[in-house]
Protein chains: 4
Amino acid sequence: MPTILGQNQYGKAECRVVKITRDGATHHLKDLNVSIALSGDMTEVHYSGSNAHVLPTDTTKNTVYAFAKEYGIESAEQFGIDLARHFVTSQEPIHRARVRIEEYAWQRIAATPPSTGADEPRHSFVRTGQETRLTQVTYDGEHWEVISGLKDLTVLNSTNSEFWGYVKDKYTTLQEAYDRILATEVSARWRFGWTDDGQQPPAWQESYEQTRTQLLQAFAETYSLSLQQTLYQMGSRIIQHRAEIDEVRFSLPNKHHFLVDLAPFGLKNENEVYVAADRPYGLIEATVLRDGREARIPVDLTTL
Amino acid sequence: MPTILGQNQYGKAECRVVKITRDGATHHLKDLNVSIALSGDMTEVHYSGSNAHVLPTDTTKNTVYAFAKEYGIESAEQFGIDLARHFVTSQEPIHRARVRIEEYAWQRIAATPPSTGADEPRHSFVRTGQETRLTQVTYDGEHWEVISGLKDLTVLNSTNSEFWGYVKDKYTTLQEAYDRILATEVSARWRFGWTDDGQQPPAWQESYEQTRTQLLQAFAETYSLSLQQTLYQMGSRIIQHRAEIDEVRFSLPNKHHFLVDLAPFGLKNENEVYVAADRPYGLIEATVLRDGREARIPVDLTTL
Amino acid sequence: MPTILGQNQYGKAECRVVKITRDGATHHLKDLNVSIALSGDMTEVHYSGSNAHVLPTDTTKNTVYAFAKEYGIESAEQFGIDLARHFVTSQEPIHRARVRIEEYAWQRIAATPPSTGADEPRHSFVRTGQETRLTQVTYDGEHWEVISGLKDLTVLNSTNSEFWGYVKDKYTTLQEAYDRILATEVSARWRFGWTDDGQQPPAWQESYEQTRTQLLQAFAETYSLSLQQTLYQMGSRIIQHRAEIDEVRFSLPNKHHFLVDLAPFGLKNENEVYVAADRPYGLIEATVLRDGREARIPVDLTTL
Amino acid sequence: MPTILGQNQYGKAECRVVKITRDGATHHLKDLNVSIALSGDMTEVHYSGSNAHVLPTDTTKNTVYAFAKEYGIESAEQFGIDLARHFVTSQEPIHRARVRIEEYAWQRIAATPPSTGADEPRHSFVRTGQETRLTQVTYDGEHWEVISGLKDLTVLNSTNSEFWGYVKDKYTTLQEAYDRILATEVSARWRFGWTDDGQQPPAWQESYEQTRTQLLQAFAETYSLSLQQTLYQMGSRIIQHRAEIDEVRFSLPNKHHFLVDLAPFGLKNENEVYVAADRPYGLIEATVLRDGREARIPVDLTTL
């Protein structure tokens with residue numbers, strides 16, 4: 001046969017699971033979107049349609065819900081580890097499992113009058129709607145790779161951004177800018193150094209919160225001459241402050257805010273009125289690495 | 001001619017305007033999406049294509065940006081009032097203007113170390129991503145109609161919701177529920193009693209914040225036997241507490257969270273593990289009115 | 001109580017039903033998204049949460065699937081009529097039913113070698129992806145209202161469009177255009193004169209195809225001085241050629257294609273290279289009526 | 001410094017260009033969405049913000065529009081080649097260019113009465129709305145890599161699909177199926193063997209049309225025991241019939257159509273009435289290769 005089968009994987013994508021944990025009248029909520037991808041000894045199902053090695057995608061979905069009960073959801077990372085380990089260790093033909101999880105955050109709704117005691121019901125939530133937290137856990141039976149991150153975190157500096165001194169060729173018409181809005185919708189992934197069951201795993205929840213804070217503060221505090229510079233500051237700040245992280249990759253659309261020309265109306269626009277543009281947008285992507293480590297996060301960031 | 005022209009309107013939709021106001025090192029930000037619809041003496045442009053009465057939609061867009069400079073953006077409502085008044089009073093063929101605005105909220109990013117004085121830069125923001133604030137201002141040269149509201153506010157109660165005692169016909173298979181998740185993505189519009197320049201206008205910003213709080217608290221505090229009951233509680237709470245509002249309409253998708261059957265796996269699901277479903281969804285819509293007032297918010301809520 | 005209940009309705013939205021009809025080896029496919037809204041004697045469920053008058057939304061969903069089997073899906077309109085009649089006539093508290101349907105079109109995939117006989121399998125389809133067909137059927141136990149239409153039909157004329165002679169105020173900067181691209185994404189609704197079971201109903205399928213053709217040809221053949229003129233031509237052509245239709249409403253975004261200024265690069269752009277813009281866009285909306293009929297299609301077109 | 005810079009690239013994403021070519025009264029239309037990504041000697045802009053090596057993303061956008069005039073758009077692939085070559089050969093710091101293009105297809109609107117001669121205007125188009133054609137061209141100054149493909153092509157077989165004989169573990173509840181609907185939304189990429197200016201390039205337009213036909217016919221004609229088998233048939237058919245293509249990768253969501261249980265209503269569902277589900281969905285991904293060639297299409301398919 002002139003054709004052969006290359007890399008392949010299968011599983012159930014976008015299993016939406018909500019887990020409620022009741023601590024008396026105080027409820028806790030985890031809201032995840034889980035996607036499973038399995039690979040291994042799967043040649044025959046492609047060649048002949050024999051499913052003898054195929055655990056149905058429906059079963060992988062069932063497993064997500066059963067594990068939410070059996071193991072709970074302490075963090076997206078730990079839940080992904082539990083699932084990936086299960087598929088690789090319980091099914092001989094499956095040699096590798098990749099679990100991707102999106103997590104949606106919720107805040108409590110404060111009751112009225114304000115809380116007066118431990119027994120007041122606390123079961124009401126509003127979805128925060130800000131960034132979506134991400135994790136991807138991959139396991140091959142020996143080594144772990146955990147890449148966490150976030151998407152849809154939109155940030156803006158209304159000053160302290162310039163852009164000048166660039167190359168000018170025959171197609172260049174852009175004017176230099178000495179005080180512009182810098183805005184982007186952050187998509188970031190960070191890879192943990194943890195790869196082995198023998199190592200102490202990171203404190204996943206605290207790691208996320210601290211990494212997010214470093215990222216935001218680096219964005220806010222960088223006086224920016226280019227979005228690349230801001231990106232590098234965000235990445236290196238994370239590498240410096242978070243020992244558990246070896247590599248960070250960003251995909252940063254430059255959400256252009258163009259100063260509106262008000263001169264035709266006899267008005268002067270002193271960096272006050274901007275049009276927020278949709279398309280096209282600059283797109284800046286790069287990896288920032290701990291020295292001596294290898295880059296493994298793919299160039300194109302994806303979530304499902 | 002056997003055909004005639006009915007209601008018509010035109011304008012520029014989705015003008016994205018961002019306004020920065022600088023108060024020393026502290027910047028303030030307003031982020032709006034403004035849509036203009038004008039109507040009046042416009043028969044001829046439909047019949048013959050004569051544009052003699054047509055102010056171009058491009059001009060209505062320019063006006064949005066110019067007004068952001070000339071009048072500032074104190075609130076979405078006031079900005080809509082300024083714009084609507086301008087079009088109706090400055091162009092003889094235009095008899096009615098409707099301005100719809102979406103407003104996106106931003107929070108400040110805290111710098112590190114924490115703020116130590118008035119001169120520390122405060123120009124960094126993160127988009128909150130929660131609900132989108134809405135307003136629609138209509139003016140016919142005499143009377144004002146202001147309808148504000150919000151969309152995409154997702155809320156969830158993890159208990160205190162039941163559903164039973166309903167009609168059962170030959171197509172009914174639903175089991176009664178005595179403890180279920182109740183979740184919805186609130187789309188709400190509220191109409192102000194203010195209609196005349198001679199009246200004192202509401203404090204738009206405070207009104208929005210208070211109305212949103214009443215809505216959330218009513219959702220959290222209602223022990224619900226049906227989503228209709230919760231809707232009515234949210235609406236009547238707003239009418240009772242906000243004298244400036246005469247009418248509220250809600251469109252509430254029942255975002256079903258189905259309890260997963262874990263029995264086949266030997267597990268008992270004690271209201272812990274749910275699947276968050278997408279489609280289909282229940283859709284509950286109703287108007288709640290101050291007694292003696294007339295309903296004017298359209299049955300179908302729209303934003304652009 | 002100072003608050004009262006206004007218009008209200010409830011039901012299941014977005015019931016996705018696919019119906020396969022087998023005629024030997026030739027299969028036929030209908031692919032619908034059905035949304036039910038019921039209203040009537042529903043005050044008590046809002047006030048007290050009593051569901052004694054409430055047929056569950058889950059039951060309305062079941063009914064959609066059962067009716068696909070019992071009555072088949074000859075056309076979206078007929079299916080909507082069957083459903084609306086059922087709810088109003090079988091449940092005493094329900095006084096009015098509104099059924100909205102989106103229909104997705106599919107084409108057959110031709111096998112290879114080309115069809116050679118009646119027994120060759122014909123069960124393979126590709127979704128056309130063009131416009132979505134719409135219908136809304138409303139029944140109050142006496143009268144019918146059927147409004148059909150389409151959305152997402154994107155059309156473009158690369159010439160025969162001008163725009164000049166418009167009003168110029170202090171905010172006008174637009175240059176007049178004597179040869180421009182005219183493009184829009186048609187959203188249209190048309191109301192049938194049929195209102196009574198005693199009248200002969202239209203041939204729904206043929207009516208849709210002919211109306212769509214009239215609309216497209218009017219777009220193609222109108223030398224346009226304004227999008228309003230094109231809109232009116234599309235509407236009046238439908239009214240003139242389709243006796244079963246009394247009223248048409250359009251919502252036409254002017255999908256701007258701006259001529260790119262290539263002069264800085266020493267190039268002349270003779271109406272060749274355009275940028276297709278996203279936002280903002282002109283939005284032109286109007287109703288075209290058969291003389292003597294009353295306008296009943298709402299100003300804001302909605303689909304779900 | 002403990003951190004270093006890894007892979008990085010930048011450019012303008014989503015440049016929407018529409019090109020009209022006039023051949024007398026007959027117009028031709030090309031509608032593309034072009035994204036540029038450049039990389040090379042770009043360390044300094046990340047470290048210090050110096051833009052001395054940075055051709056602005058605004059310039060890359062201008063180049064897209066200028067090239068549409070200077071070189072025309074014969075095919076998406078040729079246009080991508082022209083652009084990629086320009087950036088790498090004209091700017092010393094740029095060592096590699098990747099151009100991604102989405103192409104939207106349009107059909108002519110037939111005028112009425114039907115065409116009677118060469119001079120009848122032919123300038124009216126309707127967007128087909130089916131699949132989006134894709135290409136990605138990468139050039140490093142020596143070698144070319146061209147990967148074309150499509151997305152959003154939704155196909156369905158209403159019979160000739162089974163699924164049984166799979167692994168059953170403790171979480172398996174799925175029933176075996178001997179006649180089911182098989183539907184998927186094809187996302188495919190195929191890599192051309194052409195890598196060198198010295199080789200004769202493929203006939204890009206004909207290659208696309210033929211590859212798409214092979215893909216559709218393989219889907220229609222495969223009696224399927226698993227979606228993996230169908231995937232492999234589509235891929236190997238392309239490899240066998242299209243000598244210019246060395247590798248194909250598919251990402252195929254299994255768009256589940258579940259048979260509705262009508263038994264509670266006293267009805268028998270003989271593979272007639274299905275619910276089209278949204279989430280979760282099976283996701284089947286694999287590469288099919290010409291024997292002896294190396295796989296280079298990334299595991300995760302992306303478009304922008």
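1. Of the 304 residues in chain A, 54% count as buried. Please keep in mind that this is a predicted model. The C-alpha trace of chain A spans about 75 × 70 × 40 Å along its principal axes.

2. Five helices and 13 strands make up the secondary structure of chain A. As for contacts in chain A between residues at least 6 apart in sequence, 65% of them join residues at least 24 apart.

3. The domain assignment divides chain A into domain 1, residues 9-142, and domain 2, residues 146-304. Between the C-alpha centres of these two domains of chain A the distance is 29 Å.

4. How many residues of domain 1 of chain A are in contact with domain 2 of chain A? There are 16, and they meet 13 residues of domain 2. On the domain 1 side, at least two residues each come from α3 (76-90), β4 (94-103) and β7 (132-139) of chain A. The element that gives the most to this side is β7(A), with six residues.

5. Turning to the contact between chains, 75 residues of chain A are in contact with 76 residues of chain D. Two or more residues of the chain A side are supplied by each of β1 (3-13), β2 (15-23), α1 (43-47), α2 (57-70), α5 (227-241) and β13 (281-290) of chain A.

6. Which element of chain A has the largest share of the side that touches chain D? That is β1(A), from which 11 residues come.

7. To put the two contact regions side by side: β7(A) gives six residues to the side of domain 1 of chain A that touches domain 2, while β1(A) gives 11 residues to the side of chain A that touches chain D. The counts above are of residues in contact, 16 with 13 for the domains of chain A and 75 with 76 for chains A and D. The size of an interface is often given instead as the accessible area lost when the parts come together.

Terms used: Residues are numbered from 1 along each chain as its sequence is written. Chains are lettered from A and ligands numbered from 1 in the order in which they are written. This is a predicted model: local features need pLDDT of at least 70, side-chain atom pairs count only at pLDDT 80 or more; totals for chains, interfaces and linings use all residues. Domain bounds come from an automatic or database domain assignment. Two residues are in contact if their C-beta atoms, placed from the backbone, lie within 7 Å. Helices (H or I, at least four residues) and strands (E, at least two) are DSSP runs, numbered from the N terminus. A residue is buried if 20 or more other C-beta atoms lie within 10 Å of its own, exposed if 12 or fewer, and partly exposed in between; C-beta atoms are placed from the backbone.
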